[in-house]
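Please keep the sequence and the 3D view at hand while reading.

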Amino acid sequence: MNVGQKTLLDILPKESPEFTAMDALTRNKRKHFCPACKQHYDPTFPTKDLAMSQGVSSNKEQWLSGICSDKCWDDYLG
Ligand SMILES: [Zn+2]
């Protein structure tokens, strides 16, 4: 888990050109890994802040446990 670990994308203002450039540069490197289905995937929300403020619980779990979906959550815990 990467709790508390900040990246440039967390620090840069979202409207800045630096954010846009960094977002584009790191897009493919920011895939999440699901410990249940062992797949790399794109999180529903592009940043943890967005997921936490706007997402449902499964969107938040993508940034907390890494689990990609409700189905995997059930599989992983079940
Ligand atoms: Zn999964």
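## A first residue

Is Thr-47 buried, partly exposed or exposed? Thr-47 is partly exposed, because 17 other C-beta atoms lie within 10 Å. The classes work as follows: a residue is buried if 20 or more other C-beta atoms lie within 10 Å of its own, exposed if 12 or fewer, and partly exposed in between, with C-beta atoms placed from the backbone.

Thr-47 sits in the loop between strand 2 and helix 3, which covers residues 48–54. Its C-alpha atom is 7.7 Å from that of Asp-10, although the two residues are 37 apart in sequence.

## Model and confidence

This is a predicted model, in which local features need pLDDT of at least 70 and side-chain atom pairs count only at pLDDT 80 or more, while totals for chains, interfaces and linings use all residues. Residues are numbered from 1 along each chain as its sequence is written.

The pLDDT value is the predictor's confidence in each residue, from 0 to 100. The average for the protein is 87, and 90% of the residues score at least 70. Among the elements, helix 3 has the highest mean pLDDT (96) and helix 2, residues 17–26, the lowest (82). Where pLDDT is low, the predicted coordinates should not be read in detail.

## Overall layout

The protein has 5 helices and 2 strands. Their order from the N terminus is α-α-β-β-α-α-α. Helices (H or I, at least four residues) and strands (E, at least two) are DSSP runs, numbered from the N terminus.

Of the 78 residues, 13% count as buried. Two residues are in contact if their C-beta atoms, placed from the backbone, lie within 7 Å. Of the contacts between residues at least 6 apart in sequence, 33% join residues at least 24 apart.

## Helix 4 and Trp-63

Which residues of helix 4 (residues 57–64) are buried? They are Glu-61, Gln-62 and Trp-63. The buried residues of this helix pack against strand 1, helix 3 and helix 5.

Trp-63 counts as buried because it has 21 C-beta neighbours inside 10 Å. Leaving out residues up to four places away in sequence, Trp-63 touches Pro-43, Lys-48 and Ala-51. Trp-63 and Pro-46 are 17 residues apart in sequence, and their C-alpha atoms are 9.9 Å apart. Just after helix 4, Gly-66 has a positive phi of about 90°.

## The strands and their loop

Tyr-41 lies in strand 2. Tyr-41 is partly exposed, because 15 other C-beta atoms are within 10 Å. Apart from neighbours within four places in sequence, Tyr-41 is in contact with Lys-31, His-32, Cys-34 and Cys-68.

Lys-38 belongs to the loop between strand 1 (32–33) and strand 2 (40–41). Lys-38 is exposed, because 8 other C-beta atoms lie within 10 Å. Lys-38 also has a positive phi of about 60°, although it is not a glycine.

## Helix 5

Where is Asp-74 found? Asp-74 is in helix 5, residues 70–77. Asp-74 is exposed, because it has 11 other C-beta atoms within 10 Å. The C-alpha atoms of Asp-74 and Ala-36 are 9.2 Å apart, and the two residues are 38 apart along the chain.
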